[in-house]
Amino acid sequence: MTAIVLAAGAGTRMKSARAKVLHEIAGRTMLEHALVAVAGAGVHTTVAVVGHDREQVSEAITAYDPSIVQAVQEQQNGTGHAVHVALESLDSAPDGTVIVTYADVPLLSAQTLAELLVSHRAAGHTVTILTAEVDDPTGYGRILRGPDGAVTAIREHKDASDDERAVREINSGILVVDGGFLTAAVARLETDNAQGELYLTDIVGKAVAEGRPVGAHVLEDVWQTEGVNDRAQLARLGAELNRRITAHWMAEGVTIVDPATTWIDSAVTLEPDVTILPGTQLLGATAVARGATIGPDTTLRNIEVGTGATVVRTHGSDAVIGDEATVGPYAYLRPGAELGARGKIGTFVEVKNSTIGEGAKVPHLTYVGDAEIGEGANIGAGTIFANYDGVNKHRSTIGKHAKTSSNNTFVAPVTVGDGAFTGAGSTIREDVPPGALAVSAGAQRNIEGWVADKRPDTASARAARAAQDHAAEETSGE
């Protein structure tokens, strides 16, 4: 079985430097949605036809699957020409079944393609067209049937008569055809139409003329046949796909409090009894384990969330959150952050390329970069891991059950031993032995009269004088 995915169109209405088929919904480009669908239908060989913006599109295809054959349509002379180019790119003409589909119909599913194939084979058709009935068929090719209901032709809108334009059954452009017939029929296509192009749909008339059976598989879910030509359509189909994704996960036992403000990418996985609160985006390959609560107002991309964890008002990417751990609110997880079971990353904490051990806590107002924090350790508020010397990044280690005080700076590379403590306001430049207390601040010194001398005629100076005068009056009264 062979699939031909047409991805050569210009997409001028997108008004974008990016190729139309590379615009994304639900975490995948439209092109990738098409390739996932044909792969899921059991296709053995896939040919992608590229043309406009082909450098971008070819790079994306190779990154997705380098085994996909790429055919270049130098001049876009219609869908029939595109299929002809695809067939020429193969080492030999396909003798099995061929699916022809498009890279800009992102809601088309593998299940629908599989059902189309079953219908085609069961009926013994040479050509089977995926069709749908719509209220407004303007712009679509119409399915024409004979008195017995058999498909006799597909008439493009610009070539249709008034009676034919009244037909509401439309051609999706997606079809299944026997490979041998396709090769011969495409070679005999002509450009005698309003567009002056080679229409793939003309193979239907050729099949009928040869007495070959042609059928239609009518799809009730019209959304799957809709293409994207501009950003408004992209947003509309994106919203519909997201509605389907959230409905799927709710049916699988996930609580989504407000589906309208929850966005979930296609590759995300969720276990039963996960709760997603409003304003949450789960993107990329994020995976959330049973019983975890995410949100509100949280964006996670490629994050692994453990069983029973809680993530509140957090932005993160490429990180791991352990079982029963807590994150947020207002936390920022950067790539390489890993929080152990029952650990805590609290308010206004940023973590990058660091491991925070089981039960360890970084409660608030802290930057942890390139560090390893041991099991049960506690990091005081206002702590900075100074990991960058202007040229290189260095790592720091905080030992198991170590307790660091507020407003510490750890100048990497430095190690604080297991069970060690640090004093408030300390700058730690040297290793601290296990069980030691490290302090770096000197004794406090008060310089009397400094404000009056250095900041006269300020609000601070006036407040100080008033306090001094009041203290003097109380002393004299004694």
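Predicted model: local features only at pLDDT ≥ 70, side-chain atom pairs only at ≥ 80, totals over all residues.
**Asp162.** I started with Asp162, which sits in helix 5, residues 162-165. Buried or exposed, I wondered, is Asp162? Its relative accessibility comes out at 66%, over the 50% cut-off, so I put Asp162 down as exposed.

**Ile4 and the cores.** Ile4 turned up again when I went through the largest nonpolar core, which has 63 residues. Ile4 is one of the members that touch the most others, along with Leu31, Val83, Val127, Leu182 and Ile203. I followed up Leu182. Setting aside neighbours within four places in sequence, I find Leu182 in contact with Val83, Leu87, Val98, Val177, Leu200 and Ile203. There is another core apart from the largest one, with 56 residues, including Met14, Ile25, Leu241 and Val274.

**Largest pocket.** How much space lies in the largest pocket? I get about 1600 Å³. The lining runs to 46 residues, and Lys20, Thr79, Tyr102, Asp104 and Asn229 are the closest to the pocket centre. Strand 1 (2-7), helix 3 (79-88), strand 10 (169-178) and helix 8 (231-251) are the elements giving two or more residues to this lining. Strand 10 gives the most, with four residues. Sorting the lining of the largest pocket by class, I have 20 polar, 17 nonpolar and nine charged residues.

**Second largest pocket.** Next I looked at the second largest pocket, with a volume of about 480 Å³. It is lined by 20 residues, and the closest to its centre are Arg28, Ser109, Leu241, Ile245 and Ser266. Leu241 I had already met as a member of the 56-residue core. Which element gives the most to the lining of the second largest pocket? Helix 8 does, with five residues; helix 1 (30-40) and helix 4 (110-123) also give two or more. By class, this lining has ten nonpolar, seven polar and three charged residues. I checked it against the domains too: domain 1 and domain 2 each supply at least three residues to the lining.

**Ser396.** Over to Ser396, in strand 31, residues 396-398. Its relative accessibility is 2%, under the 20% cut-off, so Ser396 counts as buried. Which residues is Ser396 in contact with, once neighbours within four places in sequence are left aside? My list reads Asp370, Ala371, Glu372, Phe385, Phe410, Ala412 and Val414.

I noted two cis peptide bonds. One runs from Gly295 to Pro296, with omega near 5°, and Pro296 lies in the loop between strand 18 (293-294) and strand 19 (299-305). The other goes from Gly328 to Pro329, again with omega near 5°. I place Pro329 in the loop between strand 22 (326-327) and strand 23 (331-333).

Asp273 has a phi of about 70° and is found in the loop between strand 14 (269-270) and strand 15 (275-276). For Asn407 I have about 55°, in the loop between strand 32 (403-404) and strand 33 (409-411).

How values were computed
Residues numbered from 1 in each chain as written. Heavy atoms only, no water. 1 Å grid on protein atoms, 1.4 Å probe; cavity = no way out; pocket = protein on both sides within 12 Å on 5 of 7 lines; lining within 4 Å. Points joined across faces, edges and corners; volume = space filled by probe spheres on them. Nonpolar A, V, L, I, M, F, W, Y, C, P; charged D, E, K, R; others polar. Domains from an automatic or database assignment. Buried < 20%, exposed > 50% of the residue type's maximum accessible area, 1.4 Å probe, protein only. Contact = heavy atoms within 4.5 Å. Core = buried A, V, L, I, M, F, W, Y, C linked by side-chain atoms within 4.5 Å.
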